[in-house]
Amino acid sequence: MNRQVEPAEVRYAAELALLAEESGPRPPGWRLTPSAVVTFIMGDGGRISGKFLGDRALVERAVITLAGRRGLLLVGEPGTAKSMLSELLTAAISGDSSRTVQGSAGTHEEQLRYGWNYQLLLAKGPSAEALVPSPILSAMRAGAVARIEEVTRCLPEVQDALVSVLSERHMSVPELGETEYAVDGFNVIATANLRDRGVNEMSAALKRRFNFEVIEPIGSLEAETALVKREAMRTITGGNAPAEVDDAVVEALVTVFRDLRQGRTVEGWPVERTTAVLSTAEAVAVAGSLGLQSAYFSVGDPVSLLPGHLLGVARKDDPADQAKLVGYWDSTIRRRAEGGARLWKRLYELRHVVGE
Amino acid sequence: MTDPSQAVERLVTSSAPFLIGVRHHSAALAVAVPELLNAAAPDAVLVELPVELQEWLPWLAHPETTTPVALAIARPDGARLGFYPFADFSPELAALRWAAANGVPAHAIDVTVDRNDDSPRRGVGDLLRRHAGTDTLEAAWDRLVETPSYGADPERVRRAALAYGWAVRADADPVSDADLVRETHMRHRLREVGAARPAVVVGAFHAAAFVEPAPEMPLPAAREDVVTSLIPYNFALLDSRSGYPAGVRDPGWHQEVVLSKGRPEALDDAVALLAARVCARLRADGHVAGTPDAVAVYTMARELASLRGLPAPGRAELVEGLQSALAQGEPLGRARAVAKAAEQVLVGERRGRIAGEAPRSGLVAHVADLRKELRLPVRDRAFRLDPFRSPLDRRRHVAMFRMRAAGIDYAQPGEMTGVAGAESVTKTWEAHWTPASDATVELAGVYGPDLATAAEGRLTWRLRRGTSVTEILDEAAEAGLPELTARLIAEIGDTFPATAGLVELLDAYRQVHRIRSGGVPGIPTPPANADRTATRLMTTAVSGVDGYAGADSPVELAALRDLIGLADDTHRESLVWQLERMTDTAGPAAQGAIAAALVRLSARDSDWLTGRITGWVDAGGPTLGDRLRGVLVMAGPMLEASSESLTGLTERIGAWSPERFLDRLPALRKGFDTLSTAARDRLLATLELDAIPDTTDDPADLARWEAADRAGYAAVAAMLPAPAETPDAPAAPATAGAMSPETAHRWRLILGRQAEKLPVEQRRLARALDELYGRGHGEGSAGGGLEAPYPSAREWAEDLTELFGERVREEVLGAAAARGRNDVVSELDPERVEPSVDLLQNVLSLAGALPESRLAVLRPIVARIVDQLVKALATRMRPALTGLTVPRPTFRPTGRLDLSGTLRRNLHTARMRDDVLELAVERPVFHSRGNRTASWHIHLIVDVSGSMERSVIHSALTAAILHGVSALSITFTAFSTQVLDLSDRVSDPLSLLMEVSIGGGTDIGKAVAYTRKRLTVPSRSIVALITDFEEGGSTGRLLSEIRSLAETGAVLLGLAALDDTGVPVYNKQIAAAVAAAGMPVAALSPSELARWIVDQVNRR
C-alpha cells in the first residue's frame, strides 16, 4: 500500500543526507547548519530543489528564530504554505516532522502538556508509565522542534499552556512531583490563521513568546502558475491517472484567482474581492480536479469546466460571492474577450454557467 | 556586450581620474572616502555638483557647519533647479572635507539641466535584479554595497560601488540625453581643471563616462541668473518619506553608522541601542515592549547578519528584527505602532547649522533684503497699512503674511477679520523684530530660499500634517500664493460638499467669497475656480440645512443665522423651501430660529412671526425659553430696530393673570437672555416704555390707575356685543400705541433691565432672577452694580418657592446648577431626588468646578442616581451578554476528569485484588467546558464636547455594564479637542462621570487616530464612536483615519446620539461621509447598543 503523502524527511531524505555533510557550527541539537536549512528550503538551483516560493529573508528569519529562545509563529491567509514551511523546517532541523499537534476548538490542554492513561491512573494512581506525553513534551525530551498547527483555533486558556513551556523551557508534572526539562534543540513552530472565521485571539503573554512571520501569497503570476501546475500534476499522478493539465487553463485559473484575491486585475482594473479565500492551495485543488476530470471523462474542451469549478470555490463561504464572480465575468473577462484573446473569449461565452 | 568584470576593472584601475563612484547618501562610502583619498593623494577633488555652487564648497566643508545642510539652486522667480541635501553620511561631503583639511582644491563640475519631470526614472534592471534580488535601487545598494562594507577594506567598498553603478548603467541602456549632457560637461571641466592626479567623486552611475567612450553632447549656455543658497536642514525633511527631494530612508540610522565609523563592533552596539529605543518608544505609546523584546530584536538582527555572511547587521536586518520580534503578525494593528516607533527612532531629530561667518544666503539674505526694500519697521506697535490703495503697502502686507505663513516670528495683525463685507480696508500690525525673528528665519530656511517658496513649503507641510484646509487657504491667500490658493480652492470644492458641516461650509464660503470678490490684497485676480466653488459650497450648505432640525447650542443657531445672512438670491428659494418644511418638526430652539429666518428671508411677514411667538408664549411649558432663544438669535437685531413683531407679545403679556405671568417669567427671561445686555436695553428703548409714566408707590396713583383701567375695560366691553373673553388680569387689553404700566413692568422683568423702576414687590422677582442671570453677557454687560445678591443659596431657594412655587424653583435651581452655581447643589435633597438622566447631567456639570468638600455632598446624589440607572440598564443588557456557564458531564475527553461521575459509571467493573479495590474504567466521564469565552475588545470613543452631555452619561453607564462581562475588555476614550483615556475608570461609572468634564470643541479625527494606535487585535475589536459628527478638526483627516480604521478589519459603528429621547443633532454630511468611509452610522439607545454588540460578538 502506498502512503498518500510521505513526510518531508522521507520525501527529501537524499537532500537532507547531502546537506548534513556540510560543515560548520550548528546550534545544539540541530542536524544541519542554519544556512543548510535555508538552502534545503529555498534550493540551490542544483541538487537541492526549491520547495518554498517566498521571500528568502523570511526563511532566514525563521531559521534564526528557531535557534533562539522564542518560538516561531507563521501567520498568513489560508493556503499560503505555512504548514508546508513548518514541516520542512522541522524535517531539516530535527529530522522528524511528526511531533505535531493539530489545533482545533476541541484541542485540550492534555494535547499540549501531557495526558493520562486513565485506566492505569485509576487503578494504580499517578505514575510515570500512566503519563501520556504530548508531542510537545516528547519534543522537549528529544530536543527537537514541535509543530502546532492552527494554534489560534485552540481556546485561549488551552493556548496559554504553552506560555510556561516557551518561557521557562520546562514542564512541571505536579501529580508526580517532577519537572520535565527541555533538552537543547527544543523549540516550537506554530502556524496561525488570523483572518479565518472561528479563530481565537492569542493572549498577549503568549504573543510575546513568539517571533511572528507573515507569509504572503505568492508574488508573481508565473511562479504561482508553475507551482499550481507542478502540485496539481503530483496529485494526479499520485492517483495513477495518465492525466495532463492544460497550461493555458492553469494560467487562466491562477489569473482569475489572483485577480479576485487582490481586488485588482493584472491590468490594474478594480475587482470586487470575494469573501472566500482563493488561495494557491485552492487553485492546486481545482487544477487537479480539472486534470482528473479530463483524464477519466475525456473532456474535449477543458476550458469549459473552469467556470463551474470557480463557482464551486466561490460559493463555499458566502453566497454573495457568486454575484461578485458574475460581476467579474461581466467586467474583466468581457474586457479581455473584447481584447481578442481566444481563451478569454471562450470563457466569456461560458458566462451562463456562473449565473444569470 | 562588454564583459562586466573587465569593464569594472577599467573603472577601478583608472588613475587619471581616480574614480570614486558614490550614492549621494552612503554611510559606508562616507567612512571610506577619506582613507581612499589619503591613499590616492590626488591634487584636485572634483565633485558632481553644479558649477554655480562652487563658491559654497568651502562653507560646506567648514568645520563649524553642522549637518544636515542643503545647497539649493533656483531661478530668481523661486523655481527650483537643483536641491542637494548633505549629511555626515554623504560621500561628496566627506571628500570636500578631506580636500579642505588637506589643502587640496575642490571643484564642482556638474551642470544643471532642465529635466522633464516625466522622463523615466532609473530603476532596477535585469542585471541588478539578478544580483541583488530586490526591486528598488536603494535596497539593491544596501544589499550589494552598503551592508557588506562594514569594517571592509575601503578599496573593496570602492570596487563594489563602481560595480553597482556599472550595473545600473548597463540596465539603463540607453542613457538619457540629460545624463549625457551632464557627463559631457563634467569631462570638459575635468580637462579645464587640468590636474595631474584628479580624484572624481561622482554618482556611481556616471563613473563609466570618464573611462569608456561616450557621445559628446552640445553643452547648454551657462546660467548666470541663478540664485544659490546654503541652508540648514533637518533629518525629518531628509527622510525620503517626507516628500522632499533627494532624501534617504532613515537618516538617523545612517548617522549611527557614520558615528560607529563602520566598525562592526560599534555598529553592533548601535543596533542594540536602537532596538532598545524603539521598544522604549513603543512603551511610551502604551504598548507592551520590554527588555526581552529588545533582546529578541537585537539577537535576530545579529544572527541574520551572520547567517547572511555580513560583518554586522545593516538597516534591513534591524528592520526585519523589529518586524519579526515586535509586530506580532498584525500588519494593521501592532505593526503600525512598531513602524511608527521605528520611524521616529530611525529618522532622528538632528538639525543642521551653517558656519557663523558664512555669507548669508537663502531665506536669511532674502528676508534681510526684503526688509530693507520694503522699509519694514524694526518695532512698531501700530504699523498701519492700506494695501488696496498703495502698491508698496500691498507688497508689505503680502510680505508680512508670508512671514507669518513661513513661521517667522515678526508681526501680528492687530485687528481681526470681521464678517464678510464688514472688513476695514486698512490693517494695523504690531511688528517687532527680535532675536527670535532671526532664529525663526533660519528655521524657515529649510522650506525654501525665498519667502514665497518658504511660505508655500511650510503651509503644504502643515496641510499634510493635518491642519484644516480652510485655515491654510486663508493664510495662502493672504500670503499671495495664487497657485496654492487655486489648488486649495479646488480641493475645498471637491471635498467640502461631501464632508463639511454647516459651520465649516460657511467658513469656507466666506473665505472663498472674499477671495473671489477681490477682498484679499495678496490675490488681486481671483482664481478661475473660485466662483464655481463658492456656488457649490452654498448649494451644499442650503441643501444640508435639514440636518440642523435639532439645533440647540448657540454655535449651531449662530451657524443657521449666518447661513441666512450669507445666502445669495440664487439659493433663497431652495432655502425657504427647506425651512418651510422644518417649521413645525424641528426642535424648539431651531423652530424659533426658523420662524424668524423666514421673516428675514421675506418669505413670511412679521404678523405671521408674531402669531407664532404669541402662540408659543400662550402655550408656555418648558420649551418656551428655547423657542424664544431661537427667535432672538436669528432676529435679535431686527427686533431691536422695530418693536412691531413684539406688539402681539406685549398684548399677551399684558393680558395674563399674575400667576400665568409668573409661571412663564423664567422661561421668557431665559429666552431674552440670549440678547446681550445692551441689546436688551435697546429693545426696551424701542418699546418706548419711558413714554409711560413711571409707577410710584403712591397708593393714590395706584387707585387712580386701577379706576381708569376698569373704566377703560367697561368701555370696551360695552362696545362689544358679548365679552370676547373674561379678563383674568386687572390690566386692560392694551390699545395700540399705549401700554399699561403693569405691562411695562412685565417687560422690564422679562428683559432683566431697569429693575430700579419696578415697584418694590416686583423688585424681589427681578432680584430672584438676576441671581441666576446676573447682568447678562456681551455688549454692555461689564461694570455697574447689581442689587445686593442673596447672602446664601438657601434664602434664594426660599424666595423662589415663595415667589414662583415649587416647579419654577426646581427649574431655576437646575438652570443655576447647570450654569455652575455650586452652592445650589446643597439645596438638592439626595433622598428625595427622582433619578433622571437630566438631573444627573445638571449635577455632573458641576463636578469639575467643585472642591472636594462639596463633592462629598454631591457624591451620594450622583451615586444614587447612577446606581439606579445602571440597574435599570443592566437588567436589559446582561442576559444577552453572558448566557449559561454550567459545566456538564460528557464522554468527550476535555482534560477535566469528572472523578465521581467516572466512578459511578464504572462501578460494575470494580474488583477486589490484594485488598485493593481496582476499577477497570471503560468509559471515563469528563466535565465539559462552560460557555465558550470569546474575548472581544470594545472601544468606546465618546465625544464630550458641549452638546453631548446626555450621550456621555449613557455611554459611561454602558461602559460600566459591559465592563462587568468577563469576555469583553473595554476602553473608554473621551475627547473634545483633547483625547483622554479613562479606561482604568470604567469599572466605576461614578468616578468616570466625575472625571469627564464636558465642553470644548471637537476633534474626532484625533480621537479615532488615538484609538487606532491602540487596536491590538483589530479582527476582534469593536469600535463605537459616539459623537454628533460636528468635526472641528480636518474632515479629510477624520475620513482617512476612519478609512484606515476600517481597513484594519475592526467592527465599526458610529452613533449619532446615545439618548433615549430627543431629536438627534448631527452633521449629516460628515456622518454620510463617515459611513461611506466604512463606518456605518446609526442612532441607537443604550440598550440597542448593547444588543448590537452582542450580535457582533455572537456572529463570529
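Visitor: How many helices and strands does the secondary structure of chain A come to?
Guide: Chain A has 18 helices and nine strands. Helices (H or I, at least four residues) and strands (E, at least two) are DSSP runs, numbered from the N terminus. This is a predicted model, in which local features need pLDDT of at least 70 and side-chain atom pairs count only at pLDDT 80 or more, while totals for chains, interfaces and linings use all residues. Residues are numbered from 1 along each chain as its sequence is written, with chains lettered from A and ligands numbered from 1 in the order in which they are written.

Visitor: What share of the residues in chain A is buried?
Guide: Buried residues are 43% of the 356 in chain A. A residue is buried if 20 or more other C-beta atoms lie within 10 Å of its own, exposed if 12 or fewer, and partly exposed in between, with C-beta atoms placed from the backbone.

Visitor: What makes Leu219(B) exposed?
Guide: Leu219(B) has 12 other C-beta atoms within 10 Å, and the limit for exposed is 12 or fewer, so Leu219(B) counts as exposed. Leu219(B) sits in the loop between strand S6 (198-203) and strand S7 (227-232) of chain B.

Visitor: Which residues is Leu219(B) in contact with, leaving aside its neighbours within four places in sequence?
Guide: They are Val181(B), Thr184(B) and His185(B). Contact requires that the C-beta atoms of two residues, placed from the backbone, lie within 7 Å.

Visitor: Why are H2(B) and H10(B) called roughly parallel?
Guide: The axes of helix H2 (residues 27-40) and helix H10 (residues 251-259) of chain B cross at roughly 30° and come within 8 Å. Axes are lines fitted to C-alpha atoms, for helices over the stretch in contact, and angles run from 0 to 180 degrees between N-to-C directions. Angles under 35 degrees count as roughly parallel, over 145 as roughly antiparallel, 65 to 115 as roughly perpendicular and the rest as oblique. H2(B) and H10(B) are therefore roughly parallel to each other. Ala27(B), Ala30(B) and Val31(B) in H2(B) meet His254(B), Val257(B) and Val258(B) in H10(B).

Visitor: What makes S8(B) and S10(B) a pair?
Guide: Two strands pair if DSSP finds at least two bridges between them. S8(B) and strand S10 (residues 427-432) of chain B have five bridges, in the antiparallel sense, so they meet that requirement. Leu385(B) is opposite Lys427(B) in S10(B).

Visitor: In what order do the three strands of that open sheet stand, and what is the pairing?
Guide: The order is S8-S10-S9 in chain B, with antiparallel pairing. Strands S8 (379-385) and S9 (411-413) of chain B are at the edges with a single partner strand each, so one side of each lacks a neighbour in the sheet. Neighbouring strands are turned by 25° against each other on average, direction ignored. Helix H16 (residues 391-406) of chain B lies across S8, S9 and S10 of chain B, at about 125° to S8(B).

Visitor: How do you know that strand S16 of chain B is mostly covered?
Guide: Six of the eight residues of S16(B), residues 968-975, are buried. S16(B) pairs in the parallel sense with strand S15 (residues 936-943) of chain B over eight bridges. With strand S17 (residues 979-981) of chain B, S16(B) pairs in the antiparallel sense over three bridges. A hairpin of three residues joins S16(B) to S17(B). Thr973(B) is the bridge partner of Ile941(B) and stands opposite Asp981(B) in S17(B).
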